[in-house]
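Me: I have a model open and want to read its packing. Where do I start?

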Amino acid sequence: MSVLRIFAINQPEQARFSSSNAHEISAQLQQQGVQFMQWQANAPIDENSSAEQVMLAYASDIAKLQQQQGYSTVDVISLHPSHPDKAVLRQKFLDEHIHTEDEVRFFVRGQGLFCLHLGDEIYQVLCQQNDLISVPANTPHWFDMGSAPDFTAIRFFNNTEGWVAHFTGSAVSRQFPLLD
């Protein structure tokens with residue numbers, strides 16, 4: 001179940017807002033310029049599905065988003081709990097950073113926690129199967145895939161070089177709860 005929790009930056013121990021209602025999540029994020037929506041597959045998908053099968057199952061939604069937003073590159077990434085570099089990959093995005101292009105992810109299966117630093121608040125968005133989030137370029141954020149990552153996601157890019165993480169140097173991400 002998708003969840004949005006909003007914290008005051010100086011109160012990481014207690015969310016001031018929490019909802020698992022997709023419409024409420026979308027409305028709250030839209031006010032901050034963050035897109036959140038849900039898609040449904042047109043074919044059965046599981047952890048053994050190939051990238052081609054995943055792309056085919058969501059082909060119409062992918063094409064629509066590419067046309068609307070101009071994303072030139074789309075790929076599929078999967079990570080499993082048995083991945084030998086899972087700890088390194090998790091650590092890579094736990095510190096606050098920005099990207100010079102939008103970070104757009106659609107969760108085919110599994111989950112990931114996006115934490116957005118928006119003004120004096122932290123928006124934590126637990127994205128799960130069927131959730132799409134689009135974090136605008138230059139938005140300070142961090143991402144947690146958990147200690148046993150198990151997800152498949154579709155990624156959208158305008159320019160793969162723009163998706164490099166530029167770390168802010170802030171320690172704020174260490175103050176807020178993560179997946180585990």
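Reply: Start with the idea of a nonpolar core: a set of buried nonpolar residues joined through side-chain atoms within 4.5 Å. Keep in mind that this model is predicted.

Me: Which residues have the most contacts inside the largest nonpolar core?

Reply: In general, nonpolar side chains tend to be buried together in soluble globular proteins. Here the largest core has 24 residues, and L4, L29, F114 and L116 have the most contacts inside it. Several elements each supply at least two of its residues, including β1 (3-8), α1 (22-30) and β7 (111-118). Another core lies apart from it, with 15 residues, V54, I62, L65 and V104 among them.

Me: What is L116 in contact with, beyond its neighbours within four places in sequence?

Reply: L29, V34, E121, I122, Y123, V135, P140 and H141.

Me: Now R105. Is it buried or exposed?

Reply: Use the cut-off: buried means under 20% relative accessible area. R105 has 6%, so R105 is buried. R105 sits in strand β6 (residues 103-109). Leaving out residues up to four places away in sequence, R105 touches F114, D131, L132, I133, I154, R155, F156, F157 and W163.

Me: And pockets? What volume does the largest pocket have?

Reply: About 290 Å³. Read its lining next. Of the 17 lining residues, I77, F93, M145, R155 and W163 are the closest to the pocket's centre. β4 (73-79), α4 (86-92), β6 and β11 each supply at least two lining residues.

Me: How many residues of that lining are nonpolar, polar and charged?

Reply: Eleven are nonpolar, two polar and four charged.

Technical notes: Residues are numbered from 1 along each chain as its sequence is written. This is a predicted model: local features need pLDDT of at least 70, side-chain atom pairs count only at pLDDT 80 or more; totals for chains, interfaces and linings use all residues. Side-chain values use heavy atoms; hydrogens and water are left out. Buried means under 20% relative accessible area, exposed over 50%, partly exposed in between (1.4 Å probe, protein chains only). Helices (H or I, at least four residues) and strands (E, at least two) are DSSP runs, numbered from the N terminus. Contact means heavy atoms within 4.5 Å. On a 1 Å grid over the protein atoms alone, a cavity is a set of points where a 1.4 Å probe fits but cannot get out, and a pocket is an open set with protein on both sides within 12 Å along at least five of seven lines; lining residues have an atom within 4 Å of a point. Grid points are joined across faces, edges and corners, and a volume is the space filled by probe spheres set on the points. Ala, Val, Leu, Ile, Met, Phe, Trp, Tyr, Cys and Pro count as nonpolar, Asp, Glu, Lys and Arg as charged, and the others, Gly among them, as polar.
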